[in-house]
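I opened this model to look up a few things about its surface, its helix packing and its charged pairs. Here are my notes, in the order I took them.

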Amino acid sequence: MSDSDNMLSVLYSHMPPDADDVARKMAENFRKRRVERGLTREAVAEKSGVALANITRFEQKGLISLKNLILLAIATDYLKDLSDLFSTPRYSTMAELELIRKNTGKKKAYPTKNHKPNEKN
């Protein structure tokens with residue numbers, strides 16, 4: 001591996017994720033799990049009630065509605081994994097943890113007192 005390849009890999013590791021890349025990775029993982037179980041797209045479509053065209057589009061392009069993704073998760077026994085998304089608070093500093101603890105149980109988020117709408121930073 002050359003120095004420039006190594007530098008690029010370091011640079012890529014610090015770039016924010018691209019939503020399309022994440023969707024394609026999820027679709028790739030879904031396809032792998034489906035194939036591992038010996039299920040055809042047609043079988044998953046029948047079991048889930050999701051149109052075959054929607055499953056094909058998901059596997060090829062990573063495009064799917066949330067409702068159809070949930071139906072696929074139910075049909076392939078991955079509902080718990082999907083349901084657990086966003087279930088655990090994430091924090092990287094003690095200040096974030098304290099804010100999470102302070103806001104636990106609230107129904108709405110309000111701007112902080114120091115923030116004024118339309119104020120330019």
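**Entry 1: the nonpolar patch**

I began with the nonpolar patch and found that its largest share, three residues, comes from helix H5 (residues 66–75). Before going further I noted that this is a predicted model, in which local features need pLDDT of at least 70 and side-chain atom pairs count only at pLDDT 80 or more, while totals for chains, interfaces and linings use all residues. I also noted that residues are numbered from 1 along each chain as its sequence is written, and that side-chain values use heavy atoms, with hydrogens and water left out.

The patch covers about 340 Å² and is made by Leu 66, Ile 70, Ile 74 and Leu 79. Patches take residues with over 30% relative accessible area and no salt bridge; nonpolar side chains (Val, Leu, Ile, Met, Phe, Trp, Tyr) are joined within 5 Å, and like charges within 9 Å. I looked up Leu 79 separately and found it in helix H6 (residues 79–83). Leu 79 counts as partly exposed because its relative accessibility is 34%; the cut-offs are under 20% for buried and over 50% for exposed, with partly exposed in between (1.4 Å probe, protein chains only).

**Entry 2: the whole chain**

How many helices and strands does the protein chain have? I found seven helices and zero strands, so the order from the N terminus reads α-α-α-α-α-α-α. Helices (H or I, at least four residues) and strands (E, at least two) are DSSP runs, numbered from the N terminus.

Of the 121 residues in the protein chain, buried ones make up 17%. The chain exposes about 10300 Å², and carbon and sulfur atoms supply 57% of that area. These areas come from the Shrake-Rupley method with a 1.4 Å probe; for residues, only the protein chains shown count as cover. I then checked contacts (heavy atoms within 4.5 Å). Among those with a separation of 6 or more, 39% join residues 24 or more positions apart.

**Entry 3: H5 and its surroundings**

Next I looked at how helix H3 (residues 41–48) meets H5: their axes come within 9 Å and cross at roughly 100 degrees. H3 and H5 are therefore roughly perpendicular to each other. On the H3 side the contact is made by Val 44, Lys 47 and Ser 48, and on the H5 side by Leu 71, Leu 72 and Ala 75. The axes are lines fitted to C-alpha atoms, for helices over the stretch in contact, with angles from 0 to 180 degrees between N-to-C directions. Under 35 degrees counts as roughly parallel, over 145 as roughly antiparallel, 65 to 115 as roughly perpendicular, and the rest as oblique.

Is Asn 68 buried or exposed? Asn 68 lies in helix H5, and it counts as buried because its relative accessibility is 15%. Leaving aside neighbours within four places in sequence, I found Asn 68 in contact with Val 50 and Asn 54.

**Entry 4: salt bridges**

I counted a salt bridge wherever a side-chain nitrogen of Lys or Arg is within 4 Å of a carboxyl oxygen of Asp or Glu. The count comes to nine salt bridges.

One of them joins the side chains of Lys 25 and Glu 28 at 3.7 Å, N to O. Both lie in helix H2 (residues 19–36), three residues apart, about one turn of the helix. Lys 25 is partly exposed at 42% relative accessibility, and Glu 28 is partly exposed at 38%. I also noted that Lys 25, Glu 28 and Lys 32 are linked in a network of salt bridges.

What do Arg 37 and Asp 77 tie together? Their side chains meet in a salt bridge (3.8 Å, N to O). Arg 37 lies in the loop between H2 and H3 and Asp 77 in the loop between H5 and H6, so the pair ties together parts that are 40 residues apart in sequence. Arg 37 is partly exposed at 40% relative accessibility, whereas Asp 77 is exposed at 59%.

**Entry 5: Arg 101**

My last stop was Arg 101, in helix H7 (residues 94–103). Arg 101 counts as exposed because its relative accessible area is 52%. It forms a salt bridge with Glu 98, the closest N and O atoms being 3.5 Å apart. Both residues lie in H7, three residues apart, about one turn of the helix. Glu 98 is partly exposed, with a relative accessible area of 44%. Finally, I checked Arg 101 against Pro 89: the two are twelve residues apart in sequence and 9.6 Å apart in space, C-alpha to C-alpha.
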